[in-house]
Amino acid sequence: MRRRRIYRISLILALILSILTLCIYSAWYVKTQVPDVIRISYGDEQTLNLGLKEVSVQAVERTSVIPGGVPIGVYLETRGVYVVGTSEVAAADGLMREPALQIVQAGDYILAVNGKSVEDKDELIACIQANKTETMILKLNRSGEELQVRVNAVQTDTGDYKLGIWVKDDIQGIGTLTYMTQDGSFGALGHGITDSDTGELLDAAGGSLYDTTILDIVKGVRGTPGELSGSITYSDRHVRGAIFQNTQAGIFGEADGILAGRLGSETVEVAFKQELETGSAVLRSAVSGELKDYEIEITEIRLNESDVNKGRVFRVTDQELLGLTGGVIQGMSGSPILQNGRLIGAVTHVFVNEPTKGYAIFAETMVSASE
C-alpha cells in the first residue's frame, strides 16, 4: 500500500514537472522564434494575438536591391577623439599619478579643450602641451550626452604634459558591400563598427568608401579566424562613397557610379524574415577576384534573436570557397546571401572554432536600419 502511494506521488510529480517544462519551453520558443514584428507586402496593418505573445503585422512595399559582394575599403571618422581608457603617468617628481581617473571614462568622446574643438589625437596633444598644468576644461560626449569636466595634466621628466588618457583616431579596414539601391544608397558589413578595446559602437561623424585591392587570403583554421589582406587607396579620386550611418546592423550611405558598375544591373527582392528556409542558399563574394555565388547551407533560423547580427547560422559547403578561404574569414562581413532569388541577409561573424560556420543578419533588418 505504501509503495503504491509513493508510486502515485512520483507519477504526479513527474506529470507536473513535464507540464512545467513544456510551459517554459513554449514560452521560450514563442519569445525567441516568433518575431515582434512581421512585415508583409501590402494589405492593412493589424495586430495578431498569438496567446503568449502579441505580434505587430505591418504592410510595407517590398524593397528591391542590387546584391553586392565586392570588397571595399572603409574609413570611419569618429565624432571627436575616442577614449579607450585612462592610466597612470610617471610625474617629474618620480611619483605615479592618474589625473583623469574617474573624470574621463572609456567610451567618452573628447569634443573640445578649453572651448577649442579637437578632431584627432594630434590636435588633442597640441592643446594639452599648450595648456601645460593649468586646469583645462574638456567637453565630452558620454553616451549621447554632452558634459564638461575639469582636469590637470601631469608634467613628466621629459618636459611633456600628459593626462593619462588612451585615445584612438579614426578607424579603417576592409569589408564587403552588401547591396545598393537604384538611387545609389548602399548597405555594407552587416554589423556596426565597434572599438576593439571597449566593444562599443563608434559614434560616426561620417566616413568614406575607398577602392581596395586584395593581396592575400589567410585561410581560417580551428581557433584562428582567417582574413582578407589588402591595400586601401586613400586618395580623393579613389573615393567610392560616403558613409552617413554606423549602426548595429551595418554601415549605410551613398556610393558612386563606378562602384555600382562593378555589381551589374541585376535587382532582387529583399526577403521578409518569415520567408527564409533552412537548407540551400548562396553566398556572393569576389574573394577570388571575380564576383561569384558559392553554395552554403542555412542550418538555423532565429526569428527573434536579441543580437541582430546573429539571426541565422549557416555552413559553407562550396568546395571552391573552402579551398580559397577555409570558410568564413574577416573581411567577408557584409557578403550577401541569397535564397530563392531573393536577398535574405549578409555574413556577420565566423565561428572561431569552426571556420566553415558563420552567423548572418537578416536583409530585412539591414534595410530597415537604413530607413
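Mentor: Start with burial. Buried residues make up 45% of the 371 residues in this protein. Keep in mind that the model is predicted.

Trainee: How many helices and strands does the protein have?

Mentor: Five helices and 29 strands. Then look at sequence separation. Take the contacts with a separation of 6 or more: residues 24 or more positions apart account for 65% of them.

Trainee: Now the cores. What is the general idea?

Mentor: In soluble globular proteins, nonpolar side chains tend to be buried together. Here, the largest nonpolar core has 24 residues.

Trainee: Which residues have the most contacts inside the largest nonpolar core?

Mentor: Ile296, Ile298, Phe314, Val316 and Ile337. Now trace the elements behind this core. At least two residues each come from β24 (279-285), β25 (292-301), β26 (312-316), α4 (319-325), β28 (342-351) and β29 (354-362).

Trainee: Which element gives the largest share of this core?

Mentor: β25, with four residues.

Trainee: Next, empty space. How do I find it?

Mentor: Rolling a probe the size of a water molecule over the atoms shows where empty space is left. The largest cavity holds about 40 Å³ of space.

Trainee: Which residues line the largest cavity?

Mentor: Its lining consists of Gly69, Pro71, Thr176, Ile214, Leu228, Ser285, Ala286, Val287, Gly331 and Met332. By type, six are nonpolar, four are polar and none is charged.

Trainee: And the open sites? What volume does the largest pocket have?

Mentor: About 800 Å³. The largest pocket is lined by 29 residues, and Ile174, His191, Gly192, Gln330 and Ser333 are the closest to its centre. β16 (171-180), β20 (227-232) and β28 each supply at least two lining residues. β16 gives the most, with five.

Trainee: How does the lining of the largest pocket divide by residue type?

Mentor: Into 12 nonpolar, 14 polar and three charged residues. Now move to the second largest pocket, with a volume of about 350 Å³. It has 16 lining residues, and the closest to its centre are Ile125, Lys162, Leu163, Gly164 and Ile165.

Trainee: Which elements give two or more residues to the lining of the second largest pocket?

Mentor: α2 (121-131), β14 (161-162) and β15 (165-168). α2 gives the most, with five residues. This lining divides into nine nonpolar, three polar and four charged residues.

Trainee: Let me try a single residue. Where does asparagine 309 lie?

Mentor: In the loop between β25 and β26. Check its accessibility before anything else.

Trainee: Why does asparagine 309 count as buried?

Mentor: Because its relative accessibility is 7%, and the cut-off for buried is under 20%.

Trainee: Which backbone oxygen does the side chain of asparagine 309 reach at 2.9 Å?

Mentor: That of glutamine 248.

Trainee: Leaving out residues up to four places away in sequence, which residues does asparagine 309 touch?

Mentor: Gly190, His191, Gln248, Ala249, Thr348, His349, Tyr359, Ala360 and Ile361.

Definitions and conventions. Residues are numbered from 1 along each chain as its sequence is written. This is a predicted model: local features need pLDDT of at least 70, side-chain atom pairs count only at pLDDT 80 or more; totals for chains, interfaces and linings use all residues. Side-chain values use heavy atoms; hydrogens and water are left out. A nonpolar core is a set of buried Ala, Val, Leu, Ile, Met, Phe, Trp, Tyr and Cys residues joined through side-chain atoms within 4.5 Å. Buried means under 20% relative accessible area, exposed over 50%, partly exposed in between (1.4 Å probe, protein chains only). On a 1 Å grid over the protein atoms alone, a cavity is a set of points where a 1.4 Å probe fits but cannot get out, and a pocket is an open set with protein on both sides within 12 Å along at least five of seven lines; lining residues have an atom within 4 Å of a point. Grid points are joined across faces, edges and corners, and a volume is the space filled by probe spheres set on the points. Ala, Val, Leu, Ile, Met, Phe, Trp, Tyr, Cys and Pro count as nonpolar, Asp, Glu, Lys and Arg as charged, and the others, Gly among them, as polar. A polar contact is a pair of N or O atoms within 3.5 Å; within protein, one must be able to donate a hydrogen and the other to accept it, and residues adjacent in sequence count only if both atoms are side-chain atoms. Contact means heavy atoms within 4.5 Å.
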